[in-house]
Amino acid sequence: MEQHRTSPPQPRQRPKGPLAPQGALVDGAAVYRAAPRRGRPVPPVVLALRRLPSPRLTGLGAGLFASAAMLALGCLDWLLFDGAPLVYGLLFLPVSAATALWVRSADLVTAPISVPIAFAVGIVPVAGGTGGFGGQAMAVVTALAVHAGWLYGGTLVAGLITCVRKVRLMSRRQRRTPVKNGKQQNGKQQSAKAAAVRVAPRRPQA
């Protein structure tokens, strides 16, 4: 008689479900596709400002920078434009902004003070006074009185930039404070638990 060969039973293969695509969330049998996050587009003006150099000057360094820059621009205005007040005033505005941007956070108050001094230093070659020191000083005082609008405008620009930087600095400090407080509280709780475990008396064994 012929004997039928018995083959070992093969395990049944479970049907494989569809693989979840990349970036999808699997919840049981349902598959949810996660929407890609898109950041807000950065304006080109902000990108251009980020590319500019951003040194951090002290209060004295910012004052020296502004005075040297305005003196050089005043001499350049006297050589090229015969001391035109309009050119000098227009050049004073970006120097004021750069001084307020480049001063360090600890010396923000000095920026609106250094800018008017730099304006007075740079206006010496533009004033065009004659007759010695007295005549030159009177010419400088007269130029400051006549062109006070540019002086106030540059000082206002420096003051606004300083206020914005101060507000941003305060907001950053407020954001960091809760995180530090949370870490300190967690550390205190862990140290208190460790101390309680050490102080707890051991039960005598029967």
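Mentor: Angles under 35 degrees count as roughly parallel, over 145 as roughly antiparallel, 65 to 115 as roughly perpendicular and the rest as oblique. The model is predicted, so local features need pLDDT of at least 70 and side-chain atom pairs pLDDT 80 or more, while totals for chains, interfaces and linings use all residues. Residues are numbered from 1 along each chain as its sequence is written, and side-chain values use heavy atoms, without hydrogens and water.

Trainee: Which pattern does the chain follow along the sequence?

Mentor: Helices (H or I, at least four residues) and strands (E, at least two) are DSSP runs, numbered from the N terminus. The chain has 7 helices and 2 strands. Read along the sequence, the pattern is β-β-α-α-α-α-α-α-α.

Trainee: What share of the contacts between residues at least 6 apart in sequence join residues at least 24 apart?

Mentor: A contact means heavy atoms within 4.5 Å. Counting the contacts in the chain between residues at least 6 apart, the share that joins residues at least 24 apart is 67%.

Trainee: What percentage of the accessible surface belongs to carbon and sulfur atoms?

Mentor: Accessible areas come from the Shrake-Rupley method with a 1.4 Å probe, and for residues only the protein chains shown count as cover. The surface of the chain totals about 16600 Å², and the part on carbon and sulfur atoms is 62%.

Trainee: What percentage of the 206 residues is buried?

Mentor: Buried means under 20% relative accessible area, exposed over 50%, partly exposed in between (1.4 Å probe, protein chains only). Of the 206 residues in the chain, the buried ones make up 23%.

Trainee: Are α2 and α4 roughly parallel or roughly antiparallel?

Mentor: Axes are lines fitted to C-alpha atoms, for helices over the stretch in contact, and angles run from 0 to 180 degrees between N-to-C directions. Helix α4 covers residues 111-122, and its axis is 8 Å from that of α2, at an angle of about 30°. The two helices α2 and α4 are therefore roughly parallel.

Trainee: How many nonpolar residues are in the contact of α2 with α4?

Mentor: G59, G63, A66, S67, M70, L71 and G74 of α2 meet S114, A118, V121 and G122 of α4. Ala, Val, Leu, Ile, Met, Phe, Trp, Tyr, Cys and Pro count as nonpolar, Asp, Glu, Lys and Arg as charged, and the others, Gly among them, as polar. The contact of α2 with α4 has 6 polar and no charged residues, and its nonpolar count is 5.

Trainee: Are α2 and α3 roughly parallel or roughly antiparallel?

Mentor: Helix α2 spans residues 59-80 and helix α3 residues 85-102, with axes 10 Å apart at an angle of about 160°. That angle makes α2, relative to α3, roughly antiparallel.

Trainee: Is the crossing of α2 and α3 left-handed or right-handed?

Mentor: A crossing is left-handed if the near helix is turned anticlockwise from the far one by less than a right angle, and right-handed if clockwise. For α2 and α3 the crossing is right-handed.

Trainee: How many charged residues are in the contact of α2 with α3?

Mentor: On the α2 side the contact is made by A62, F65, A66, A69, M70, L73, G74 and D77, and on the α3 side by V87, Y88, L91, F92, V95, A98, T99 and W102. By class there are 13 nonpolar and 2 polar residues, and the charged count is 1.

Trainee: Is A69 buried or exposed?

Mentor: A69 is in helix α2, and its C-alpha atom is 9.1 Å from that of F92, 23 residues apart along the chain. At 19% relative accessibility, A69 counts as buried.

Trainee: Where is D82?

Mentor: D82 has phi near 60°, a positive value in a residue other than glycine. At 65% relative accessibility, D82 counts as exposed. Its place is in the loop between α2 and α3.

Trainee: How many polar residues are in the contact of α3 with α4?

Mentor: The axes of α3 and α4 are 10 Å apart at about 150°, which makes α3 roughly antiparallel to α4. Y88, F92, S96, T99 and A100 of α3 meet A111, V115, A118, F119 and G122 of α4. The contact has 7 nonpolar and no charged residues, and the polar count is 3.

Trainee: Which residues does P112 touch, not counting those up to four places away in sequence?

Mentor: P112 is in helix α4 and is partly exposed, with a relative accessible area of 24%. The C-alpha atoms of P112 and T162 are 8.0 Å apart, across 50 residues of chain. Leaving out residues up to four places away, P112 touches T155, A158, G159 and T162.

Trainee: Is L156 buried or exposed?

Mentor: L156 lies in helix α7, residues 148-199. Its C-alpha is 8.9 Å from that of S96, 60 residues apart in sequence. At 54% relative accessibility, L156 counts as exposed.
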